[in-house]
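We will go stop by stop.

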Amino acid sequence: MLISLRHVARSMALLATTALAGTMTGAHAQDPVTPAAPPKHEARPSADPAARPWADPRLPAAARAETLLSAMTLEEKLGLVYTWFPPLAKDPAAPADMIPSAGQQAAIPRLGIPALRETDASLGVANQVEQRKGDTATALPSGLALAASFDPELAYASGAMIGGEARAKRFNVMLAGGINLTRDPWGGRNFEYLGEDPLLAGVIAGESIRGIQSNHIVSTIKHFALNAQETGRFVMDARIGEAALRESDLLAFQLAIERGKPGSVMCAYMSVNGDFACENDFLLNTVLKQDWAYTGWVMSDWGAVHSTVKAARNGLDQQSGGELDTHPFFRADLRQAVESGALPMARLDDMARRILNGMFSTGLMDAPVVEAPQPIDHARNAEVAQRAAEAGIVLLKNDKDILPLARTARRIVLIGGHADVGVLSGGGSSQVRSVGGAPIEIPLKNGPAASFVRVTWHASSPLAAIRALAPKARVDFVDGSDPEAAAAAARNADLAIVWATQWTTEAEDPETIDLAGNQNAVIAAVAAANPRTAVVLNTGGPVLMPWLDKVPAVLAAWYPGQRGGEAVARVLFGEVNPSGRLPITFPAAIDQAPRAAVPGFDQVKASPDRGQDARAIKPFAVEYREGSDVGYRWYARQGHRPAFPFGYGLSYTRFGYANLKVEGGGALKVSFDVTNRGRREGADVPQLYVTPATGSRPLRLAGFERVVLKPGETRRITLVAEPRIVADYDVAQPGWRVAAGTYRVAIARDAGQPVLTGAADLQERRLAP
């Protein structure tokens, strides 16, 4: 979501003076992995069943919502479909008890409906420009780092942890569940999402949502749909065919919704095939509510509403953070539309019913938001964040096994990236003010993100972490501003580590995926001076590496969160065996990508205020010519050889695959053995790829499993291919169709490296949309 637009200048004074009552420390009341039931003091007092029959938790959520709806007045229904943006909410009708945050819907005490208090985002309880003075939270690694783990259990644990903190801080809606597929390697918000593959993204997002909602709060899933770039996001029109959209971005949402059952879906800013996403009949009514039978509510993104009657008729259920829209469309205008008959009362009832259903189905109504901040075990939650960072680090290169670094090393030099004080994080609504503080914060001077974003480091010093693991070594830090000085410092070291950074943010796309400034020159100079050089990429996504053939070791650490320094150090020294796999392709050159340049970038750059007024940019269209062949599928279709393919990642041990068995018929099932052939325990991620034997389309990831094996251990793995990955979407049917015929399968280390191959015949199979 967007935290502010042109209104921010007049709200900053308010943001600077607001504070959350109390800083939360101490023991947490619930387990961050498997939260306990809400404490007794949270529960709503039992009501007279005759007066409030919807209070009976034994009844199905839909029945409870319907019963409560029947007791509501018009005024109360209208109160559900609009949320306020606390920093700008000046209207006397706004709730008096608002916490400075993303948004709040007023409570309805007469009916026992609690306030909805909304907070960003997928990476933790956000506090971007410190609206709540002194309020910190546990900061997870970026979404790409979580996706790189290929670990659904870790996704659940991470979600449960941040959901627990949200509840302890008096929030009951998390604007989490970011799942937009990566279509371009330069996307400014790629770091927040879960990569380029619909199956991986759908599984990880679904488990994260499920974890958040285990705390009896609502998680959204966002941004529905095709929010693949930030440049011109208010005015761009994303164009793509229906079948291609169903087989890619929509399938990711579908899988995640089935798995996580989010209470709400957040629609996006841009237009899709000519209609704004938040008033798009095809997306909201046909796909989400009809085909997928989704029963929760659709909330707008902050500043994404453009109409009253059209938006309501076409599927929007709630205007969110209405002060950031050009008009409060779902207040007086909506009332007038209902009273005049321009919008049927039945539609308003449906809007309210869906909001109630989302609240009942997640358990929110039976465990209302707490009224005072609760204690949080930040130390225990930091362990969850560190575990996620360690699992998501991808070892891209390790020539001559220069890693792991021996503890007997006498001299190590760490260079660049402010790695003496912390690790870089991504910008925007997902920005968490982490426990430990921000050692560096750099305000932006201009651009669409300037009003609500600062370039921020988490206080997790890689230098301190390395020194802790090598107490007898001399470990020096050089800032990396001068290539010659960096090379001189590195020349006689046992290992030179260059900490390379690339900052990206919501609301803006970088013009290039080159490392900024002189970082490439620094890396080249250091590598020339010392053949034992490792590069750590603290980045929002892929970067170009012109020095790759000269550097023996490279790690992708992404934005590793508040314990990122410790996590990287443990991988460098072998305390942790790297197991991350790329959820996104690293191109060898930018012209390998579907779009080498950012559509609309020149328009924003040429605008008088560099896009500060994001709605003033001239509308433009983006044709997604790759269709459903997103990411690695595009590279395969074009015959490109990327620098590193989707699914790629090295380990300090070796794994072998053998004894493939492929079964067909009504479903595609494969079984095979995985053996750890090395001397270290490690985790592997065997991947199942499928394509028709005709070669009519590229290989698609149809299954995967993360498996941990001791040295010499063998385990039999069975994977059943997700049928909608095997199928094509038939618009005429409509629905999914697995054509009868022969299908080729590959058990692979990554999208470009099959190890075991086979084939099976499948019967024709049809599935609902």
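Start by selecting K397. It stands opposite V554 in strand 18. Helices (H or I, at least four residues) and strands (E, at least two) are DSSP runs, numbered from the N terminus. A word on the source: this is a predicted model, where local features need pLDDT of at least 70, side-chain atom pairs count only at pLDDT 80 or more, and totals for chains, interfaces and linings use all residues. Residues are numbered from 1 along each chain as its sequence is written, and side-chain values use heavy atoms, with hydrogens and water left out.

**The strands**

Now select residues 394-398, which are strand 10. Four bridges join strand 10 to strand 18, and the two run antiparallel. Two strands pair if DSSP finds at least two bridges between them.

Next, select strand 17, residues 533-539. Strand 17 is also joined to strand 18 by four bridges, but these two run parallel. Find A534: it stands opposite A553 in strand 18.

Stay on strand 18, residues 553-556. Which way do its side chains point? A553 and L555 point one way, V554 and A556 the other way. In a regular strand the side chains alternate between the two faces of the sheet. All four residues named here are buried. Buried means under 20% relative accessible area, exposed over 50%, and partly exposed in between (1.4 Å probe, protein chains only).

**The salt bridges**

The whole structure holds 60 salt bridges. Each is a side-chain nitrogen of Lys or Arg within 4 Å of a carboxyl oxygen of Asp or Glu.

Select R183 and E626. Their closest N and O atoms are 2.9 Å apart, in a salt bridge. R183 lies in the loop between strand 3 and helix 6, and E626 in the loop between strand 19 and helix 19, so the pair ties together parts 443 residues apart in sequence. Both R183 and E626 are buried.

Move to R239 and E623. This salt bridge has its closest N and O atoms 3.4 Å apart. R239 is in strand 5 and E623 in strand 19, 384 residues apart. Buried or partly exposed? R239 counts as partly exposed, at 35% relative accessibility. E623 is partly exposed too, at 48%.

Now pick R700 and E247. Here the closest N and O atoms of the salt bridge are 3.1 Å apart. R700 sits in strand 24 and E247 in the loop between helix 7 and helix 8, so the pair ties together parts 453 residues apart in sequence. R700 and E247 are both buried.

Last stop: select E66, K289, D317, R347, D350, R353 and R354. Salt bridges that share partners join these residues into one network.
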